[in-house]
Amino acid sequence: ALLRRVPKGLPAVGQTPHAVAWSENKWRLLRFSPAQRKFARPILMVPSLINRWYVLDLGSGRSLIEWLVAQGHEVYCIDWGTPGAEDRYLTWDDIGGRYLGRAVRLVARQSPTGDAHVLGYCLGGALAAPYVAAFPDGIASFLALATPIDFSEAGIMGLWTRQPGFDVRSIVDAFGNVPWPLMQASFKMMRPTLDATKVVGLLDRAWDDEFLDGFLATEKWGNDNVSFPGECYARYIEELYRGNALVAGTFSLL
């Protein structure tokens, strides 16, 4: 009965109509325009660097972007793309400074007020927070959603990364970009029974087609991960996880 209920293929994601306003290296700036614009300031969304942008657009009725556009907001969202081997040397300053800064300026230029709201999701919020603090021009407001800021509260992941045996430089030297399966394995180690719990929950609600669509869309996103550019990752671990630099006020951005 469960197999009959599961739809053929995964639900479509990232379906809200959009145009590409800018592209550079692997990243793109996506523009979502409302039929009738009701708010002057656009919204720039900064998603996680290691997960796909479409978590903010998980399908009709489950999409934050779709809802905002329907209210009359013009929305922009960064799609970070997939880093190649040549991107192992991209630094935090490249991604969270130069790339993000370009996106902010492009969006602000399109705004009648000359600025924009910025929403950072998860690791995207950690990327955006130092930029907003260092370069507030063109930014009307900043909202961090599910974003790690105080890394003294990073739980078991913080404990792992602060161990002397976790040699981040050796990992980056060996792999270049830190492979997404390695990172995903560490997340699964935090909750070893999570997959089994999901299966039980799925069986309990297999009759609910709406639930299945949402579940499968989220699972598609959760398993569609991106490797972490090596040099950016090294600084992420060394200064944020180990140094808690955002809270300490010691993080710099060029």
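Axes are lines fitted to C-alpha atoms, for helices over the stretch in contact, and angles run from 0 to 180 degrees between N-to-C directions. Helices (H or I, at least four residues) and strands (E, at least two) are DSSP runs, numbered from the N terminus. The model is a predicted one, in which local features need pLDDT of at least 70 and side-chain atom pairs count only at pLDDT 80 or more, while totals for chains, interfaces and linings use all residues. Residues are numbered from 1 along each chain as its sequence is written, and side-chain values use heavy atoms, with hydrogens and water left out.

**First stop: α6 and α10**

Select helix α6 (residues 168-175) together with α10; their axes come within 10 Å and cross at roughly 170°. That angle makes α6 roughly antiparallel to α10 (the term applies over 145 degrees; under 35 is roughly parallel, 65 to 115 roughly perpendicular and the rest oblique). Next, display the contact (heavy atoms within 4.5 Å): Val168, Arg169 and Val172 in α6 meet Gly230, Glu231, Tyr233, Ala234, Ile237 and Glu238 in α10. The residues of this contact of α6 with α10 comprise 5 nonpolar, 1 polar and 3 charged. Here Ala, Val, Leu, Ile, Met, Phe, Trp, Tyr, Cys and Pro count as nonpolar, Asp, Glu, Lys and Arg as charged, and the others, Gly among them, as polar.

**Second stop: α3 and α10**

From α3, select Trp92, Asp93 and Ile95; from α10, Cys232, Arg235, Tyr236 and Leu240 complete the contact. By class, this contact of α3 with α10 has 5 nonpolar, no polar and 2 charged residues.

The largest pocket holds about 1,200 Å³ of space. On a 1 Å grid over the protein atoms alone, a pocket is an open set of points where a 1.4 Å probe fits, with protein on both sides within 12 Å along at least five of seven lines; lining residues have an atom within 4 Å of a point. Of the 39 lining residues, select those closest to the centre of the largest pocket: Met157, Met183, Gln184, Phe187 and Met190. Helix α7 gives the most to this lining, with 9 residues. The lining of the largest pocket divides into 25 nonpolar, 9 polar and 5 charged residues.

Terms used. Points joined across faces, edges and corners; volume = space filled by probe spheres on them.
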